Structure formats: C-alpha cells, structure tokens
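The points are grouped by topic.

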Amino acid sequence: MSTTEKLILPQMGCGTWAWGNRLLWGYNESMDNQLQEVFNFCVGNGVTLFDTGDSYGTGKLNGQSEKLLGKFEQEYRGVNKNQICLATKLAAYPWRLTRKSMVSAGKASAQRMGRVDLAQMHWSTANYFPWQEWQLLDGLGDLYEQGLVKAVGLSNYGTKRLKKIHQKFSDRGIPIATLQVQYSLLSTYPVTDLGIKETCDELGIKLIAYSPLCLGILTGKYTNPSTYPKGLRGLLFKRLVPEAKPLLNCIKAIAQYRNKTMAQVAINWCITKGAIPIPGAKNIQQAQENIAAKDWQMNAGEITELDRAAAGIDKPMVQNVFQTR
C-alpha cells in the first residue's frame, strides 16, 4: 500500500471539519474540556477531517492549535478513531528558505500533534519570492518521500500555478491530495473565475473550501451594524453585509422553506458544488448544526437561485492576499 493510500479522507458530503485558528480566538485553558467534547461529538458523528496550521498561535500560544488537536485525538476513544485525518498547513515564513526548513517544520508539527496525515503548503510565495516557494515545495515533497506524512496538499493556489506544481510533483511521483481555497457564496472567485474545480477534477485533487460561512456573515447573525465585530473586520462587514443583502435574503428564504438554518444552506451549497467545506465549531450546538448540513441536498432550482444571487454581488468578499492565479 502506498503512502497516499493510507490517507483517509471523507468523501463529499460525508462530513468534514476544520479545526484551525478558531481554537485560539479568545482562547483560554478552561475551554479545553468543551473543545474536547466538540471533537468527540464530531468524530462520533462521522466528521473525521480536522485542519489546522502551524501559524495558528503565536507568542505564548505558539503551536497551541496543533497541540490541542493532537491532545484531543489522542484522548478520543470512540467510534471512527481509525478514520481521523489530522491535517496541518505549513507556513511559508520568510525565515524558511530551504527544503530542509520545510522538513523541520513538518517534524515540529508532527511532534506537537502526535502525527501529521496531510501536510499542506499554507500559501504560495510565487508573487513575491518564487525562489523560496520551489525550495519549500521540494521540502514538502521530501516529507512525503521520507514517510513523515501520508499525503501532501496546497492552499491558496490558482489554476495556472497549481498545474505547474502538479507537474513538478508528478515528476517525483508524488500525488497532490488536496487544494484549499477560500470558497463560499460570497467568495466564488477561485471556481467561477479561475476554474479551479475543473482543474482539480482533471488532476484528481480534492477541493477543500475554507471559510464556507464567510466569517459568519452567511449565518445571518449580523443583521445590523451593532452586531458587527470590532476593528478591521468590522470595517469589512460594514461594506460586505449591506452588499450581500439580496444573497442573504435568498439564503434565508430557502432556509425557511427547507426548515434549515442559513448556515446549513450555505454549507450544503458548497457540498453540491463538489467541494469539501470545513467550517469551524466551538460548541456542541454549532457542531450539531453544521453536521446536519450534509444530510440533505438542495434541488437544481434552489442552487440556480443562489448562484444568481451570488453573481449579482458587485463587491464580494476580498480574496486572500496570497491567492495565486
């Protein structure tokens, strides 16, 4: 059995999750037990893919997200234990300049998590330091060839760059398992403009949609400016929420007709598009709501209405600054 065949990734619609920097927003040690319960509940209900990154947590919390995820996996004793896939993204920090530095990063993540099943390049440096990117990609491949990870993936890559990387890895006999992009009803650019889904299908890569609820905007909970978050995110919401009103109304109408929540409609839309959505959950209620999004499917008419509403937004969610074409 090859290294990649050992990797267990859920099929579309079977339940996937992200366990990223949400662990650290307002994090304190008293949350550990609650988060362990959420983890246990998710795995027990078929959610087996957990995604984080070595950049999630700095200062005193350095590597904390990976440490917590590893702790939760090690303490879990229920069903689907052998199906758990621990994924992390390795940052292209400016001080990581060689392939050996990427291997060292992967080993450090594995030490914090207990193991790494899927190691991903967090972002591309092609737009500002392409020499560094090739070195780090070589190191990512080394992690796979040395058996330190079961599979490798990418994040924030567009079609043109993905094809170049795919060819480079193919020359080494290394398959790319996954690609993460920012994808939601408020961020369709990677698919509608770059055609990334078709490319992934062509190359046998699974597309992962991060931020499928667009910072929570698609849940409908931000109904007026008084509910917006503070700081720079609040400024973004002041522009984006009013712009998204027709789309939010469409989501709400479908949710009411289907007796679902708006979040479930937004997540289900990602699933119907053939992507693996990875929303976060900080409590059991959120986990229950998100998991239920996979147990039904919108019809073609509803999908068309959502697509039309999404396409009508003049200024959608800003793209990740590291997203390549």
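**Helix α4 and its surroundings**

The model is predicted. Helix α4 is followed by Gly147, whose phi is positive, near 75 degrees.

*Helix α4*

- Helix α4 comprises the 16 residues 130-145, and its end C-alpha atoms are 23 Å apart. At 1.5 Å a residue the helix should span 22 Å, so the two values agree.
- The buried residues of α4 are Gln132, Glu133, Leu136, Leu137, Asp138, Gly139, Leu140, Gly141, Asp142, Leu143 and Tyr144.
- The cover over these buried residues includes three strands, β2 (85-90), β3 (118-121) and β4 (151-155). It also includes two helices, α3 (99-113) and α5 (159-171).

*Overall fold*

- The protein contains twelve helices and seven strands.
- Of its 325 residues, 54% are buried.
- Among contacts with a separation of 6 or more, 80% are between residues 24 or more positions apart.

*Nonpolar cores*

- In soluble globular proteins, nonpolar side chains tend to be buried together.
- The largest nonpolar core here has 89 residues, and the members that touch the most others are Leu140, Leu154, Leu179, Leu186 and Leu306.
- Helix α10 (residues 262-272) gives the most to this core, contributing eight residues.
- A second, separate core has ten residues, including Ala151, Tyr210, Ile276 and Ile278.
- Leu140, one of the residues named for the largest core, is also among the buried residues of α4.
- Leaving aside residues up to four places away in sequence, Leu186 touches Cys214, Ile217, Leu218, Leu240, Ala244, Leu247, Ile313, Pro316 and Met317.

*Gln180, a buried polar residue*

- Gln180 lies in strand β5, which covers residues 176-182.
- With a relative accessible area of 2%, Gln180 falls under the 20% cut-off and is therefore buried.
- The side chain of Gln180 makes a polar contact with the side chain of Gln120, at 2.8 Å.
- Residues up to four places away in sequence aside, Gln180 touches Asp51, Lys89, Gln120, Leu154, Ser155, Asn156, Tyr157, Ile208, Tyr210 and Ile278.
- Among these neighbours of Gln180 are Leu154, a member of the largest nonpolar core, and Tyr210 and Ile278, which belong to the second core.

Definitions and conventions: Residues numbered from 1 in each chain as written. Predicted model: local features only at pLDDT ≥ 70, side-chain atom pairs only at ≥ 80, totals over all residues. Heavy atoms only, no water. Helix = DSSP H or I, 4+ residues; strand = E, 2+ residues; numbered from the N terminus. Expected span 1.5 Å × (residues − 1). Buried < 20%, exposed > 50% of the residue type's maximum accessible area, 1.4 Å probe, protein only. Contact = heavy atoms within 4.5 Å. Core = buried A, V, L, I, M, F, W, Y, C linked by side-chain atoms within 4.5 Å. Polar contact = N/O pair within 3.5 Å; in protein donor to acceptor, adjacent residues only side chain to side chain.
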